[in-house]
Structure formats: structure tokens, C-alpha cells
Amino acid sequence: MPPMSEYIRFARVAILWLVVMFILRLLLGIFEVPYEEGTSQASLVLTTLFACIFLGAFGRRLRGYGVLQAALLGITIAFVAQVLIIAGTAGSYLLGAETYFNHPKALNTPDAVGVVQAMVIRVVGMLVNMIIGAIAAMLGWLSGKLVPEPGA
């Protein structure tokens, strides 16, 4: 089993795009683009999902990852995304700013909630999304045989 640093190194491009999406979500909020209009344009969750699927497939072909290793890769990618989301949420509350990270729809609530409730929602979301990341990466791993061999 590779060390965690191997998964992070292999997922660098995904982590870069997660950071880009994080910054984009901040900018959309700063420029007061309505949540309903902008959230689909800069989704950390969708970026995570696609990264897990693709890197699960490429990990199988290029790194020889087994299904468990692909799942760990997916968990790693989802963990990074959720840390960004939690940081964005905490920062929003600390600054007293209304952002895409503390918007009621982002927290799956009908109305605004306090920081404690938001953090509980985010921690539960972290656990759920890490499981989803693992599943997505394993599904990607299943399709990894379709990735051409290096040099082919």
C-alpha cells in the first residue's frame, strides 16, 4: 500500500482544480452573483466526483492501483475538497460574510443557520463525501482497463 504522500502526489492536478473552484466560488460571492446562478459554474462537489472517477481509472492503468488503493485515492481527493469547504464555511462565519459556503442551499437548510450547526453539517458532509469519493474512484477503477497503456 503506497503512503498517503503518493496519493496526494498523484492527485496534484485534482487538488489544483479544487483550489481553483474554491477561489472561483469565493469570487462569485464577492461579486454578488446569485447562488442559484453561480453555484453550478464552480462546484467543488462535481469537481471532486469527476476527479475521483478519472484518477481512479488512471491510477489503475498508470500506477497499477488495486480497487482498495483507488478507494483510498478517492477518499484523499474528497478529504481535500471537504477541508476547503469547511475552511470556506468557517471563514465566512468568522468574517460575517454571506458567501456560497454559508448560503442556506449550500448547507441544505431552508434558512440561514448559526456557525455551530453549519460546522456539524459540514463534518457530516465530509464523512458522506469521503464515502462517495471512494465509491466514485472504485467506479473509475472499473473503467481503468479502457485507458490505453502508456506508449500505446
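The side chain of threonine 76 reaches the backbone oxygen of leucine 72 at 2.8 Å. This is a polar contact, that is, a pair of N or O atoms within 3.5 Å; within protein, one must be able to donate a hydrogen and the other to accept it, and residues adjacent in sequence count only if both atoms are side-chain atoms. The model is predicted: local features need pLDDT of at least 70, side-chain atom pairs count only at pLDDT 80 or more, and totals for chains, interfaces and linings use all residues. Residues are numbered from 1 along each chain as its sequence is written, and side-chain values use heavy atoms, with hydrogens and water left out.

Threonine 76 lies in helix 5; helices are DSSP runs (H or I, at least four residues) numbered from the N terminus. Threonine 76 counts as buried because its relative accessibility is 5%; buried means under 20% relative accessible area, exposed over 50%, and partly exposed in between (1.4 Å probe, protein chains only). Leaving aside neighbours within four places in sequence, threonine 76 is in contact (heavy atoms within 4.5 Å) with Met4, Tyr7 and Ile8. Just after helix 5, glycine 96 takes a positive phi of about 65 degrees.

The buried residues of helix 6 include Ala118, Arg122, Gly125, Met126 and Trp141. The buried residues of this helix pack against helix 4 (44-63) and helix 5 (67-95).

A nonpolar patch on the surface has about 1000 Å² of accessible area together, and among its residues are Leu46, Leu49, Phe50, Val116 and Ile132. Helix 4 and helix 6 are the elements that give two or more residues to this patch. Patches are made of residues with over 30% relative accessible area and no salt bridge; like charges are joined within 9 Å and nonpolar side chains (Val, Leu, Ile, Met, Phe, Trp, Tyr) within 5 Å. A salt bridge is a side-chain nitrogen of Lys or Arg within 4 Å of a carboxyl oxygen of Asp or Glu. Accessible areas come from the Shrake-Rupley method with a 1.4 Å probe.

Leucine 46 is placed in helix 4 and is partly exposed, with a relative accessible area of 42%.
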